[in-house]
Amino acid sequence: IRVYLSDRKTASTPQQYGSGHWLTCSPSTTWDVSACAYFFAHTLTKALDCPVAIVQCVYGATKVQAWMSKPVLEQFLGRSVEVPDAPTYKHPCGMYNQIVHPVERFAMRGMIYYQGESNCYDTIRYESIFPTAVRSWRKAWQREFPFFYTQIAPFYYDSTLRCASIQEQQAHCLDSIPLSGMAVTSDLGDSLCIHYVSKRP
């Protein structure tokens with residue numbers, strides 16, 4: 001298993017080159033690798049009997065809007081979107097510009113996705129904006145690749161309804177994202193710890 005770790009940085013405009021590095025998975029190198037991604041790749045190596053590479057694009061506490069390009073997000077919202085010169089993880093399009101756009105020329109067979117916690121405070125549009133993001137990524141790679149995502153784990157976001165609301169939106173997205181699948185974590189999570197430990201299942 002090989003992993004490309006994208007650096008957790010943002011940019012105000014799409015970057016031609018990102019920053020990151022490749023590593024070979026071993027007990028001494030995987031401390032910063034997504035556990036869910038690692039176990040998924042490990043399963044693939046066994047099933048396919050071939051090497052598997054992961055391109056890891058991650059940044060905690062981000063909304064899906066941060067991973068979308070400015071033109072796509074503006075078309076979805078029907079208005080202009082302001083991206084500051086030095087965006088943070090809270091701003092739209094910043095992660096797309098620095099992390100996603102530079103790796104769009106990488107060959108890819110599929111995508112796994114685990115996000116949604118920060119969107120639980122604004123779930124009204126998630127059912128429509130999430131599929132829009134997926135369509136834009138498939139268009140960027142010019143491939144209708146399989147897309148698998150993890151429903152957020154149960155956690156008490158100052159209200160039990162917040163988690164349930166985004167989980168419901170994510171479940172509805174299965175009907176509007178072709179070639180998709182969703183992993184459910186309701187039996188694995190910890191309502192008091194957002195970073196639950198049971199990642200292998």
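In these legends a residue is buried when its relative accessible area is under 20%, exposed when it is over 50%, and partly exposed in between (1.4 Å probe, protein chains only). The model is predicted, so local features need pLDDT of at least 70 and side-chain atom pairs count only at pLDDT 80 or more, while totals for chains, interfaces and linings use all residues. Residues are numbered from 1 along each chain as its sequence is written, and side-chain values use heavy atoms, with hydrogens and water left out.

**View 1. A salt bridge joins R138 and E144.** A salt bridge here is a side-chain nitrogen of Lys or Arg within 4 Å of a carboxyl oxygen of Asp or Glu. By this rule the count is three. In this pair the closest N and O atoms are 3.5 Å apart. R138 is buried, at a relative accessible area of 5%, whereas E144 is partly exposed, at 48%.

**View 2. D32 and R8 form a salt bridge between distant parts of the chain.** The N to O distance is 3.3 Å. D32 lies in the loop between β2 (20-24) and α1 (35-48), R8 lies in the loop between β1 (2-6) and β2, and the two are 24 residues apart. Helices (H or I, at least four residues) and strands (E, at least two) are DSSP runs numbered from the N terminus. D32 is partly exposed, with 22% relative accessible area, and R8 is also partly exposed, at 41%.

View 3. K70 is partly exposed, at 33% relative accessible area.

**View 4. F40, I112 and F148 make up a nonpolar surface patch.** A patch of this kind joins nonpolar side chains (Val, Leu, Ile, Met, Phe, Trp, Tyr) within 5 Å, from residues with over 30% relative accessible area and no salt bridge; like charges are joined within 9 Å. Together the three residues have about 240 Å² of accessible area, by the Shrake-Rupley method with a 1.4 Å probe and only the protein chains shown as cover. F40 sits in helix α1 and is partly exposed, at 35%.

**View 5. Helices α4 and α5 cross.** The axes of α4 (residues 126-141) and α5 (residues 160-173) come within 9 Å and cross at roughly 50°. That makes α4 oblique to α5, because angles under 35 degrees count as roughly parallel, over 145 as roughly antiparallel, 65 to 115 as roughly perpendicular and the rest as oblique. Axes are lines fitted to C-alpha atoms, for helices over the stretch in contact, with angles from 0 to 180 degrees between N-to-C directions.
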